[in-house]
Amino acid sequence: MLVIVPYLVQHPGSEVSEVARLFDVPVDQLRRDLDLLFMSGLPPYGPGDLIEVDVDEDDRIWISMAAHFARPLRLSRSEALALYLRGTELLGTAGLPDAPALASALDKLRTSLGPETLGDAEGIETADPGAPIEALEPIRGSARDRRRVRVDYFAHSSGEWSSRVIDPEEVFVALGHWYVAAWDVTIDAERLFRVDRIRRVEPTGERFSARGLEGAGRSLYTPGEEDVSVRLRLAPAARWIAEYYATTDEHERADGSLDITLPSRTLGWVAKLLLRMGDDATVLEPPELTAQVVALARSTLDRYKG
């Protein structure tokens with residue numbers, strides 16, 4: 001709605017169906033958002049500070065008490081710099097449909113900020129997006145048309161390929177990768193798949209009804225009943241784990257270390273992660289994870305010697 005409201009202020013009397021089409025929002029969702037808009041406004045949120053919304057009998061939208069949305073958005077220098085850095089990171093994502101428009105906007109933002117504000121960030125270059133992701137467009141199309149598909153997927157946790165039947169709902173970018181939030185029909189549960197790990201997308205000929213799975217902004221891990229709770233102690237050099245992965249029960253220690261719980265369906269990938277971290281991460285529980293890390297370290301050393 002942050003984008004739609006300024007448009008409605010500048011185009012009073014716009015039809016509901018036209019606004020929904022223009023911003024690619026379902027009509028029902030737009031109506032629900034408009035019903036909540038009257039609770040928005042400026043501090044101190046008195047009767048004269050809240051937005052007024054009216055949808056007339058001709059299905060046209062009229063908004064008042066929202067003149068502040070008609071003014072151009074003013075960013076502070078720190079906000080503009082954060083936007084520039086995030087946009088530069090996003091520009092390196094393979095398969096980004098609006099990459100040319102984003103590149104143009106970043107050029108203008110860079111010029112506006114100037115070298116003094118940018119500082120060291122001025123030398124940051126966009127990462128090479130690499131090879132195109134073949135499964136991206138088929139997955140996008142299936143999500144848009146609500147088509148059930150069969151995919152071959154490589155699970156990093158197990159290191160194996162498997163065939164899944166999924167209902168793809170939301171496709172989004174996070175941390176430089178494309179993800180699809182989907183209902184895994186095979187196991188009858190919600191799952192999150194990295195699109196670059198999908199090798200084949202084959203329509204089943206069936207359609208599905210959306211379940212309202214969350215897309216952009218969600219946690220990149222979906223907890224399940226079969227999860228194992230891994231308790232770790234992270235030295236300062238390993239605290240990034242708590243920011244990168246979905247963790248719970250965080251406890252700050254006086255020495256700067258951090259105790260966390262990392263939910264996981266399998267211990268194999270956690271063992272690989274801990275092997276990389278060395279002494280910066282300690283297993284508190286379960287004890288069998290420590291044994292897996294030791295065994296993995298020995299097998300890795302044996303391969304190296306061989």
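In strand E11, Leu-262 is the bridge partner of Val-230, a residue pair within the antiparallel, seven-bridge pairing of E11 with strand E9 (residues 228-234). The model is predicted. In it, E9 and E11 belong to an open antiparallel sheet of four strands, ordered E10-E11-E9-E12. A three-stranded open sheet, ordered E1-E3-E2, is also antiparallel.

- From one strand to the next, the twist averages 30°.
- Strand E10 (residues 248-252) pairs with E11 in the antiparallel sense over three bridges, and Thr-248 stands opposite Thr-261 of E11.
- The hairpin of E10 and E11 has five residues between its strands, and Gly-256 takes a positive phi near 95° there.
- E9 and E12 run antiparallel and are joined by four bridges; Leu-234 stands opposite Ala-281 of E12.

**Burial of strand E11**

- Strand E11 (residues 258-264) is largely enclosed by the rest of the structure, because seven of its seven residues are buried.
- In a regular strand, side chains alternate between the two faces of the sheet.
- Leu-258, Ile-260, Leu-262 and Ser-264 point one way from E11, whereas Asp-259, Thr-261 and Pro-263 point the other way; all are buried.

- H8 lies across E9, E11 and E12 and runs at about 150° to E11.
- The buried residues in H8 include Trp-269, Val-270, Ala-271, Leu-273, Leu-274 and Met-277.
- Just after H8, Gly-278 takes a positive phi of about 60°.
- In soluble globular proteins, nonpolar side chains tend to be buried together.
- The largest nonpolar core has 20 residues, and those with the most contacts inside it are Leu-232, Leu-234, Leu-274 and Leu-289.
- Two or more residues of this core come from each of E9, helix H7 (240-244), E11, helix H8 (268-277), strand E12 (281-285) and helix H9 (287-305).
- H8 gives the most to this core, with six residues.
- Leaving aside residues up to four places away in sequence, Leu-274 touches Leu-232, Ala-281, Val-283, Leu-289 and Val-293.
- Apart from this core lies another, of 15 residues, among them Ile-139, Ile-166, Val-180 and Ala-182.

**The three-stranded sheet**

- In the E1-E3-E2 order, E1 and E2 stand at the edges with a single partner strand each, so one side of each is left without a neighbour in the sheet.
- Strand E1 (residues 14-15) pairs with E3 in the antiparallel sense over two bridges; Ser-14 stands opposite Ile-61.
- Strand E2 (residues 52-55) runs antiparallel to E3 and is joined to E3 by four bridges.
- Val-55 has Ile-61 as its bridge partner in E3, and Val-53 has Ile-63.
- The hairpin of E2 and E3 has four residues between the strands, and Asp-59 takes a positive phi near 65° there.
- Helix H3 (residues 27-37) lies across E2 and E3, running at about 140° to E2.

**Helix H4**

- At 1.5 Å a residue, the 15 residues of helix H4 (residues 77-91) should span 21 Å, which agrees with the 21 Å between its end C-alpha atoms.
- Ala-80, Tyr-84, Gly-87, Thr-88 and Leu-91 are the buried residues of H4.
- Viewed down the axis of H4, these buried residues fall within an arc of 100°, so they line one face of the helix.
- An α-helix has 3.6 residues a turn, so residues three or four places apart point the same way.

Methods
Residues numbered from 1 in each chain as written. Predicted model: local features only at pLDDT ≥ 70, side-chain atom pairs only at ≥ 80, totals over all residues. Heavy atoms only, no water. Buried < 20%, exposed > 50% of the residue type's maximum accessible area, 1.4 Å probe, protein only. Pairing = 2+ DSSP bridges. Contact = heavy atoms within 4.5 Å. Axes fitted to C-alpha atoms, helices over the stretch in contact; angles between N-to-C directions. Core = buried A, V, L, I, M, F, W, Y, C linked by side-chain atoms within 4.5 Å. Expected span 1.5 Å × (residues − 1). Arc of directions from axis to C-beta.
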